[in-house]
Amino acid sequence: MSGTRTETDSLGTVEIEEGRLWGPQTERARRLFRIGTERFPPVLIRAVGLQKQAAAEANLALGELPEAIARPIITAAADVAANGLDEHFPLPVWQTGSGTQTNMNANEVIANRAAQLLGRPLASRDPIHPNDHVNRGQSSNDSFPTVMHVAAAIAVTERLIPALRHLRDSLAARAEDWASIVKLGRTHMMDAVPMTLGGEFATFSHQVENGIARLRDALPRLFLLPQGGTAIGTGLNRHARFDEVFCERIAALTALPFEPNPDKAEGMAAHDAFVELSGALNTLAVSLMKIGNDIRLLGSGPRAGLAELVVPPDGLSSSIMPGKTNPTQAEALTQVCVQAMGNATTVTIAASHSHLQLNVFKPVIIHAVLQSCTLIADAAEGFAVNMVDKLEPNREQIARHVANSLMLVTALNPRIGYDRAVAIGKRALAEGITLREAAIASGHVSGEQFDEWIRPEQMVVPGTTLPGGGG
């Protein structure tokens with residue numbers, strides 16, 4: 001691109017690079033807010049286009065815009081929604097806390113794109129004006145939070161939940177594959193009684209399933225849109241039925257059940273729905289942190305660690321130790337969890353600064369939420385494909401750990417009492433002998449009884465170690 005064009009607004013004239021679809025308000029903001037490198041992701045720009053398209057369709061249906069004006073706006077907004085004009089949204093996240101600059105960016109881009117469609121020059125504002133027509137019946141104060149709700153709902157339903165289902169199903173498949181592998185459990189990072197490797201992975205799968213459920217629980221509040229509240233929630237300067245028709249149109253465009261928030265001011269002055277969603281994301285990050293760390297611990301080794309899982313080689317290695325295989329996928333996943341936890345804190349603090357009729361931390365709230373959704377989705381899917389699906393159990397090492405465990409003595413409690421069982425375990429540890437040898441030496445258990453009662457495969461089934469319970 002070369003050259004500039006001159007545009008005029010209420011503050012005077014401004015030079016804009018030729019070919020850019022934004023206008024003077026966006027250009028002024030671009031020069032004023034030179035902060036960081038963070039930009040809104042494509043899903044938010046898509047939501048901006050959907051919001052403007054639904055607004056124009058509603059205004060057309062309600063007679064607020066003539067067809068000759070509405071149709072070019074609808075087409076231009078659809079271009080934005082298809083992410084075909086992303087290059088014309090240059091503003092950083094760090095701007096006015098209402099998101100006004102991004103709303104005006106959309107108004108100007110859509111007005112100029114509509115002018116192109118009509119064969120009119122950029123910046124003509126005739127016959128389509130960015131404020132009078134594209135922003136008809138709207139304010140940044142209700143439009144940007146509506147965009148936030150739409151973007152978050154799309155990110156959760158179209159990207160995050162499907163990725164989590166993938167991870168859940170991978171973990172569940174491992175749980176089924178390994179249901180019969182008896183291994184040593186651990187509590188306090190110390191040896192405990194036996195369990196199954198399948199049971200361990202079933203727990204992971206259930207954690208992810210619960211995370212999906214928590215996200216679904218948060219969606220109903222995201223589906224309530226504040227559009228129609230205009231400046232402070234009262235609906236000044238919009239058609240009486242605009243909110244209703246708008247939600248019908250945005251629901252049709254997204255196939256999501258959006259409805260008007262019965263209290264528009266609630267969705268503008270506060271963002272409790274995003275605190276709730278962020279809480280679900282934070283809980284999910286905690287769950288994934290456990291899963292990533294546990295698999296990393298179980299795969300530690302291969303010779304001096306727990307080494308109960310064989311971590312798949314991924315083609316990456318140490319820069320100094322030849323052939324070293326590291327749990328890179330677990331490390332990437334857990335780093336994402338840390339970022340998501342930090343984002344939850346950001347959302348909590350930002351939402352707590354909701355003063356009077358408007359929260360002015362909207363851009364940072366939606367930036368944090370969408371970043372968490374994207375990072376968790378990408379990391380969960382990658383972890384499923386590159387780690388979980390390729391893991392293998394180290395059956396020999398698992399068997400050795402079970403055989404050497406002193407905590408098998410727990411099965412003797414119902415037979416000889418806790419105190420006698422403690423003495424047997426302590427003797428085995430102190431004298432460096434097997435648990436069986438210590439039990440026989442105690443005089444409380446014969447070799448035959450030990451072999452009958454201490455059977456790890458039955459210790460993972462409730463009731464089988466009780467007298468008369470088959471153990």
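Helix axes here are lines fitted to C-alpha atoms over the stretch in contact, and the angles between them run from 0 to 180 degrees between N-to-C directions. Helices (H or I, at least four residues) and strands (E, at least two) are DSSP runs, numbered from the N terminus. What you see is a predicted model, where local features need pLDDT of at least 70, side-chain atom pairs count only at pLDDT 80 or more, and totals for chains, interfaces and linings use all residues. Residues are numbered from 1 along each chain as its sequence is written, and side-chain values use heavy atoms, with hydrogens and water left out.

**View 1. Helix α2 packs against helix α6.** Two packed helices are described by the angle between their axes and the distance between the axes. For α2 (residues 42-61) and α6 (residues 140-177), that's about 125 degrees, with the axes 8 Å apart. The pair is therefore oblique, the word for whatever is left once angles under 35 degrees count as roughly parallel, over 145 as roughly antiparallel and 65 to 115 as roughly perpendicular. The crossing of α2 past α6 is right-handed, meaning that the near helix is turned clockwise from the far one by less than a right angle. On the α2 side, the residues in contact (heavy atoms within 4.5 Å) include Val43, Leu44, Ala47 and Leu50. From α6 come, among them, Val147, Val150, Ala151 and Ile154. Sorted by type, the contact has 10 nonpolar, three polar and three charged residues. For that sorting, Ala, Val, Leu, Ile, Met, Phe, Trp, Tyr, Cys and Pro are nonpolar, Asp, Glu, Lys and Arg are charged, and the others, Gly among them, are polar.

**View 2. Helix α2 from end to end.** With its 20 residues, α2 reaches 28 Å from its first C-alpha to its last, close to the 28 Å expected at 1.5 Å a residue. That expected span is 1.5 Å times one less than the number of residues. Most of α2 is covered, with 17 of its 20 residues buried; buried means under 20% relative accessible area, exposed over 50%, and partly exposed in between (1.4 Å probe, protein chains only). Look just after α2 for Gly63, which takes a positive phi of about 75 degrees.

**View 3. Helices α7 and α10 side by side.** Here α7 (residues 197-222) and α10 (residues 272-298) have axes that come within 9 Å and cross at roughly 170 degrees. That makes the two roughly antiparallel. Their contact holds 16 nonpolar, four polar and seven charged residues.

**View 4. Two cis peptide bonds in loops.** Most residues other than glycine have a negative phi, and most peptide bonds are trans. The bond from Asp126 to Pro127 is cis, with omega near 15 degrees, and Pro127 sits in the loop between α4 (100-117) and α5 (130-134). Another cis bond runs from Gly301 to Pro302, with omega near 10 degrees; Pro302 is in the loop between α10 and β7 (309-310).

View 5. Thr230 isn't a glycine, yet its phi is positive, about 50 degrees. You'll find Thr230 in the loop between β5 (224-225) and α8 (242-254), buried at a relative accessible area of 3%. Leu356 isn't a glycine either, and its phi is about 55 degrees. Leu356 lies in the loop between β8 (354-355) and β9 (358-359), exposed at 75%.
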